Amino acid sequence: MEIREAVPADAARIHDIALTSWMDTYEEIYSERSKAHFVQEAYPQEEVVRAIRTAEEARGEYFNVGLIDGEIVGFIHAIDVEGTWEIVRLYVLPKYQQNGIGRRLIRELELQGASPIEVYVESRNYKARHFLTSYGFKEISETTEEVFGQVEPVTRLQRIY
């Protein structure tokens, strides 16, 4: 597997990975209305391009992609929020999950000096919570958040090393 910085030309593939992964992950959690809203509103390519360009220009932002045989199969986007790195996006295509790609993407962030790292995940996303805690993240708190018109409990996890 190769990891490299995302470039604006990756935006369409990143968009497709986000939609595919999100729909697979949240099929049982979100209502049909919320899922339709997500598909319509989330990850517009121009927003992905903006995030990639910001990460290219700023030291407080990180946007990398993971590739297998030259094909992007996952990505991570993290921002520095007052000294704590927050993973705002981490997706791996379902057929490539559980192959160490997510761990490699996070590890690359750590190698860049990011610590502590936080992530917020829907509390009913047990697969993501298990993945993160198995990698050393600790559950810190839980709150509720409205996501695409649906109120969901959200767990905050943190990794300090």
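1. In which kind of crossing does α1 pass α3? In this predicted model, the crossing of α3 by α1 is right-handed. The two helices pack at an angle of about 115 degrees, and their axes lie 9 Å apart. Since angles of 65 to 115 degrees count as roughly perpendicular, α1 is therefore described as roughly perpendicular to α3. On the α1 side the residues that meet the partner helix are Ala 11, Ala 12, Ile 14 and His 15, and on the α3 side they are Gln 45, Val 48, Val 49 and Ile 52.

2. The axes of α4 and α5 come within 11 Å and cross at roughly 55 degrees, so α4 and α5 are oblique to each other. This crossing, too, is right-handed. Gly 102, Arg 103 and Ile 106 are the α4 residues that meet Phe 131, Leu 132 and Ser 134 of α5.

3. The largest nonpolar core comprises 47 residues, and the members that touch the most others are Phe 63, Phe 75, Ile 87, Leu 109 and Phe 137. At least two core residues come from each of α1 (11-26), α3 (45-57), β2 (61-68), β3 (71-81), β4 (84-92), α4 (101-111) and β5 (117-122). The most is given by α1, which supplies seven residues. As general background, nonpolar side chains in soluble globular proteins tend to be buried together.

4. Phe 137 is placed in the loop between α5 and β6. Its relative accessible area is 1%, so Phe 137 is buried. Leaving aside neighbours within four places in sequence, Phe 137 is in contact with Ile 87, Ile 106, Ile 117, Val 119, Leu 132, Leu 157, Gln 158 and Arg 159. Phe 137 and Ile 160 are 23 residues apart in sequence, while their C-alpha atoms are 7.8 Å apart in space.

5. Asp 10 occupies the loop between β1 (2-5) and α1. With a relative accessible area of 7%, Asp 10 is buried. Not counting residues up to four places away in sequence, Asp 10 touches Arg 4, Glu 5, Val 65 and Ile 72.

6. The structure holds 10 salt bridges. In general terms, side chains of opposite charge can pair when their charged atoms come close. Among the charged residues concerned, Glu 47, Arg 50 and Arg 89 are linked in a network of salt bridges.

7. Because Arg 107 and Glu 110 are three residues apart in helix α4, about one helical turn separates them. Their accessibilities should be noted individually: Arg 107, at 40% relative accessibility, counts as partly exposed, whereas Glu 110, at 4%, counts as buried.

8. Arg 124 and Glu 152 meet through their side chains in a salt bridge of 2.8 Å, N to O. Arg 124 lies in the loop between β5 and α5 (126-134) and Glu 152 in strand β7 (residues 150-159), so the pair ties together parts that are 28 residues apart in sequence. Arg 124 counts as partly exposed at 34% relative accessibility. Glu 152, by contrast, is buried, with a relative accessible area of 3%.

9. A further salt bridge joins the side chains of Arg 129 and Glu 139, with an N to O distance of 3.0 Å. Arg 129 belongs to helix α5 and Glu 139 to strand β6 (residues 138-147), so this pair ties together parts that are 10 residues apart in sequence. Arg 129 has a relative accessible area of 18% and is buried, because the category covers values under 20%. Glu 139 counts as partly exposed, at 40% relative accessibility.

Definitions and conventions:
Residues numbered from 1 in each chain as written. Predicted model: local features only at pLDDT ≥ 70, side-chain atom pairs only at ≥ 80, totals over all residues. Heavy atoms only, no water. Core = buried A, V, L, I, M, F, W, Y, C linked by side-chain atoms within 4.5 Å. Buried < 20%, exposed > 50% of the residue type's maximum accessible area, 1.4 Å probe, protein only. Helix = DSSP H or I, 4+ residues; strand = E, 2+ residues; numbered from the N terminus. Salt bridge = Lys/Arg side-chain N within 4 Å of Asp/Glu carboxyl O. Contact = heavy atoms within 4.5 Å. Axes fitted to C-alpha atoms, helices over the stretch in contact; angles between N-to-C directions. Parallel < 35°, antiparallel > 145°, perpendicular 65-115°, else oblique. Left-handed = near helix turned anticlockwise from the far one by under 90°.
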